[in-house]
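Please study the sequence and the structure before reading each solution.

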Amino acid sequence: MWTVFGAVHLIFLVLAGLLSLRGEAFSDTFIYRIWASVDFDGTRVEGPSPWVYPILALVPMAVAYIFGPAPFLFIWVLMIAGLNALAVGKLTSWGRNRKAIPAALWWIGFTTLLAWLGFARVDGLTAPVVLIALCFGVASPFLTSFILSVATWTKVWPAAVVLALFTVVKQRVQVVLAGVLVTAFVLGLALAMNALPLLLNFLLEQGDRGMQLEATFTTPWLWMSVLGIGGARMYMNRDINSMQVDGPGSEVMSVLMQPLLIAAALLVAALVFWALHTGKRNGGADRTALLLFGSLALVTAFVVFNKVGSPQFMVWLAPAVAVGLAHQWKAWRVPATMLICVAVLTFLVYPLFYDALSHNNAVMAAVLTLRNLLLIVLFVWSVRQLFIMGRNPLAIPRHDAGASSAVSVTPAVVESGNAGAGSAEPVTTDPSNKEL
């Protein structure tokens, strides 16, 4: 496992080192480097402002720029390699839990297939952090929430996992408290940078943008553009460095997407809550499984119902699946297989043939459409798992009972009981965490 990990990351580090020796960066790190060079002053840059990201995303950019522009890319990739090492180490208890090694190899393989999408974007920093948080899981709600809150103030998507955690655990006050503490630190950092008015710009910047080319709901307009129907067209929005599609009804859909995303997230959270409490009456709720399936469903909702469809968003889907595989390989084989297919199709779209896609190539439009259909299937699958866990929790192998032998987390409570029993007596496998 560590040999494969080292080989993959060494390749990216060597490539980053060679580019850095020539004073170059790669992909979005070009933009990050410019932002860091002007101390994140949005008035001094053309194109997207650094405040399209939450404030903690600027910290690793500043670290990567500590020795100036030349080694920026190498330091950036080195930071991601370090976080990936911590994630794989935590997932497998540093190789001691051999049942989790296939899950770690899957994570490494998925990361490799997405290539620079996982190494030259902020998303590559947040994905291993979310994986580490999910390894702690329901057994340590404060620590899990703290880690996830840091990730959320780096890139918004981990908020989906925070919502799943809040819905699943008993100690919801701890989840909120951890979030408040991280937010207080963020406010202090913003004050120190004289950037308090810019703190929430990352939310406001998304409101006016149109339907991005790769977004799931853009697919009808994508084909209208390819087939030359209704005057639909692809164009580059240079203000945010994004390829978008415009056509009949696209402006209306663009306005509807944000409330639709919020509604989808709340409905999934409600389903998680229903599965938790109905599952208790039907034989025992597995909170670890609910956290993982709920996280996957919510994060997938963040991708499917998003008018922004950047290819790096696929990185978001991997942490819940990797931790799920470490707990119960059989229960997670389907999404793991789907995500490998998603990674291959995404790699074909970007970086290989993005230019062809943006010039109305029908073959690449079909590849992107297949990728988007897989994302919808993944969302439906994860929602179905939540529904099954509410109706018949025993139909899915338990994640919490065998957690200690599969992944290095403190086991959560096993709420056991006969199938169909009206109540269940909690039995904890960890005396120090009886409340769980």
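**Exercise 1: The lining of a pocket**

α6 contributes the most to the lining of the second largest pocket, with three residues. The model is predicted: local features need pLDDT of at least 70, side-chain atom pairs count only at pLDDT 80 or more, and totals for chains, interfaces and linings use all residues. Residues are numbered from 1 along each chain as its sequence is written, and side-chain values use heavy atoms, without hydrogens and water.

Task: Determine how the residues of this lining divide into nonpolar, polar and charged.

Solution. 
1. A pocket is an open set of points on a 1 Å grid over the protein atoms alone, where a 1.4 Å probe fits, with protein on both sides within 12 Å along at least five of seven lines; lining residues have an atom within 4 Å of a point.
2. The lining includes L56, M79, T126 and T154.
3. Two or more residues come from each of α3 (58-64), α4 (72-92), α6 (123-136) and α7 (141-152); helices are DSSP runs (H or I, at least four residues), and strands are runs of E, at least two.
4. The division is nine nonpolar, two polar and no charged.

**Exercise 2: An open sheet**

Task: State in which order the three strands form the sheet.

Solution. 
1. Strands pair if DSSP finds at least two bridges between them.
2. β2 and β3 (residues 242-246) are antiparallel and share five bridges, with Y235 opposite Q244 in β3.
3. β1 (211-212) and β2 (233-237) are the edge strands, each pairing on one side only.
4. The order is therefore β1-β3-β2, with antiparallel pairing.

Key: Ala, Val, Leu, Ile, Met, Phe, Trp, Tyr, Cys and Pro count as nonpolar, Asp, Glu, Lys and Arg as charged, and the others, Gly among them, as polar.
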